Amino acid sequence: MNKKLELLSLANNFSITKNEQLKEYKIECINDNLGATIDENNKITYYVTGCYDSGYDWIDFDEKKFEKLKQFCELMIEKEVS
């Protein structure tokens, strides 16, 4: 599949914000507790949201949604999207 179209088809699942000060992009799943950051060196860091101050030591997440987040982030940092 065309990588640009694949990226666009996944994009509506995520909220993307740019942090100028930290020189990174923050990507969060819409309607889920998953997120990632991509720094200026294209390092991806994944994290879970919504569990802070919840009283739980764990939180469930949808593995399929994590795979979509991972796929989206990896497409974002590809050198050339054709």
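Two strands count as paired if DSSP finds at least two bridges between them. Helices (H or I, at least four residues) and strands (E, at least two) are DSSP runs, numbered from the N terminus.

This is a predicted model, in which local features need pLDDT of at least 70, side-chain atom pairs count only at pLDDT 80 or more, and totals for chains, interfaces and linings use all residues. Residues are numbered from 1 along each chain as its sequence is written, and side-chain values use heavy atoms, with hydrogens and water left out.

The sheet, then. It is open and has four strands, in the order S1-S2-S3-S4, with antiparallel pairing. S1 (14–19) and S4 (44–48) are the edge strands; each has a single partner strand, so one side of each lacks a neighbour in the sheet. From one strand to the next the twist averages 20°.

Tyr25 is opposite Ile38 of S3.

Now the helices. Contact here means heavy atoms within 4.5 Å. Axes are lines fitted to C-alpha atoms, for helices over the stretch in contact, and angles run from 0 to 180 degrees between N-to-C directions.

Helix H2 (residues 63–77) packs on the sheet and touches S1, S2, S3 and S4; its direction makes about 15° with that of S3.

What does H1 meet in H2? Lys3, Glu6, Leu7, Leu10 and Ala11 of H1 meet Lys68, Gln71, Phe72, Leu75 and Met76 of H2.

Last, the axes of H1 (residues 3–11) and H2 come within 10 Å and cross at roughly 135°.
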